[in-house]
Structures are given as structure tokens and as C-alpha cells.
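Hi everyone, thanks for making time.

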Amino acid sequence: MKNKGTGLGIAAYVIWGLLTLYWKLIVGVSPLETICYRIIWSFGFMIVFLLVSGKWQQFTAELHVLWKNKTYTLLIVLAAVLVSINWFTFIYTVSVGRVTEASLGYYINPLVNVLLAT
């Protein structure tokens, strides 16, 4: 059980590495379409997860808090836009054959996140 986290971490990195191959294999679908489908399917799975896990009431309570606090709402919208730009950039760079550049960007990304957080 002690090494479970290490094994799951390694599995996550392997899946993350193979994901690049998946994006490269999608031919005939533009990066913008891909990101739009990703957003739609993620939303659908989120709704199903909230219903199955019994967290729907907690979710709606947090939505009410967001409705009252426009600053938090703006920050969440900004975060969603930044994540969408991040994913679109990654999918686009892979689709045009710039995998090395995309990988370098994802290597540097945590450093930029720390910089922005400070």
C-alpha cells in the first residue's frame, strides 16, 4: 500500500505521455473542434459524477455562493479560459507536429504556475 502513490504517479505520467499520440492520431478534426468536444463531454461527465456521488446539493450550494460573489465568479471564468487556452495550445501544437515544443511547454508550465501563484 505504501508504493501505491508511486505506482499511480508513474501510471499517470505514462498515460500523459501516450495522450500525445492520441491527439496526433486524430486526423480530420480541427483542434478547436477537439477542445469543444472535450468541454462538452467533460461537462456531461461532471453532471453524472455529481449525481452519482451525491454531491449535487453541495454543488448547487457553491453555485449560490458564486452567484453572490462576482469576484469569485470572474476568477473561475478566468481559470476556465486559461485552462482552455492551455489545452487548445497543446492539442494544436501536437496536431501540427510540434511535439517537442509542446513537451517543453509542459515541462516549464509548473514553474510558470508557481511564479503566477507568488
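So, five helices and zero strands, that's the protein; reading from the N terminus, the order is α-α-α-α-α. Both element types are DSSP runs numbered from the N terminus: helices are H or I with at least four residues, strands are E with at least two.

Quick housekeeping: this is a predicted model, with local features needing pLDDT of at least 70, side-chain atom pairs counting only at pLDDT 80 or more, and totals for chains, interfaces and linings using all residues. Residues are numbered from 1 along each chain as its sequence is written, and side-chain values use heavy atoms, leaving out hydrogens and water.

Now the overall shape. The C-alpha trace spans about 45 × 40 × 35 Å along its principal axes. The radius of gyration, taken over C-alpha atoms, is 17 Å, while a compact globule of 118 residues would be near 13 Å. That globule rule is 2.2 Å times the number of residues to the power 0.38.

How much of the protein is buried? Of its 118 residues, 10% count, where buried means under 20% relative accessible area (1.4 Å probe, protein chains only).

Let's look inside. The largest nonpolar core has seven residues: W23, I35, W87, F90, I91, V94 and A102. Helix α4, residues 70-95, gives the most to this core, with four residues. A nonpolar core here is a set of buried Ala, Val, Leu, Ile, Met, Phe, Trp, Tyr and Cys residues joined through side-chain atoms within 4.5 Å.

Finally, take A102. Leaving aside neighbours within four places in sequence, A102 is in contact (heavy atoms within 4.5 Å) with F90, T93 and V94.

Note on methods. Buried < 20%, exposed > 50% of the residue type's maximum accessible area, 1.4 Å probe, protein only.
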